[in-house]
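Biologist: I am new to this structure and would like to learn how to read it. Could you take me through it one feature at a time?

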Amino acid sequence: MCFFKKSKKKAASASRPYLSPYAVRGVPVIIDPPDPGSEKQLPADFAVLEREGFDKVVREKFIPWFKGEQFADRDDERIFDGLRLDAAAYRYGRIIADYSPTGEDGNFGQFEFDFVSGSDYTADMLEATAMQVYIHDGKIVKVSGYEI
């Protein structure tokens, strides 16, 4: 009689995210799922994010989306202070034109930053929300968000 046993150790390690040496506001950037293409491209795309400035991207691109019409009267600086970064992830890969942030086929780096409320001012505005930053050819080509 032969029994096949699934190795739990291998299955767990295969799905474990790669913890990169990069961090934003002290939050490590993970690559999930782990993949050599993403590991190779991360340094260049992280440099783009650093050059543009994470805080600047949040203030100028994300907060206007976040406020929308519902919170249009809220103070941007107090919102910025109330967004606590909870997680950061990165992946790199091909996106076809129909789903691409530029409308063209290509390889894109995509950062996702998850925020939770970190103040009383933002407590009624979110439980958790995510900001996505798309990078292509050394430039940020799109910043978007969604509720988690």
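Biologist: Which residue forms a salt bridge with Asp124?

Modeller: The general idea is that side chains of opposite charge can pair when their charged atoms come close. A salt bridge here is a side-chain nitrogen of Lys or Arg within 4 Å of a carboxyl oxygen of Asp or Glu. Asp124 pairs in this way with Arg74, and their closest N and O atoms are 2.6 Å apart. The two sit in distant parts of the chain, 50 residues apart: Asp124 is in the loop between α5 (120-123) and β5 (128-136), while Arg74 is in the loop between α3 and α4. Those labels are DSSP runs numbered from the N terminus, with helices being H or I of at least four residues and strands being E of at least two.

Biologist: What kind of model is this?

Modeller: It is a predicted model, in which local features need pLDDT of at least 70 and side-chain atom pairs count only at pLDDT 80 or more, while totals for chains, interfaces and linings use all residues. Residues are numbered from 1 along each chain as its sequence is written, and side-chain values use heavy atoms, with hydrogens and water left out.

Biologist: Is Arg74 buried or exposed?

Modeller: Buried means under 20% relative accessible area, exposed means over 50%, and partly exposed lies in between (1.4 Å probe, protein chains only). Arg74 has 19%, so Arg74 is buried.

Biologist: How many salt bridges does a search of the whole structure find?

Modeller: Six. One of them joins Asp105 and Arg94, with the closest N and O atoms 3.2 Å apart. Asp105 lies in the loop between β3 (83-95) and β4 (106-117) and Arg94 in strand β3, so this pair ties together parts 11 residues apart in sequence. Asp105 is partly exposed at 42%, whereas Arg94 is exposed at 55%.

Biologist: Now the sheet, please. What is the order of its strands?

Modeller: In general, strands of a sheet pair through backbone hydrogen bonds, either parallel or antiparallel. Pairing here requires that DSSP finds at least two bridges between two strands. This open sheet has six strands in the order β1-β2-β3-β4-β5-β6, with mixed pairing. Its edge strands, β1 (18-24) and β6 (139-147), each pair on one side only.

Biologist: In which sense do β2 and β3 pair?

Modeller: Strand β2 (residues 27-31) and β3 are parallel, paired over three bridges. Look for Ile31, which stands opposite Tyr90 in β3.
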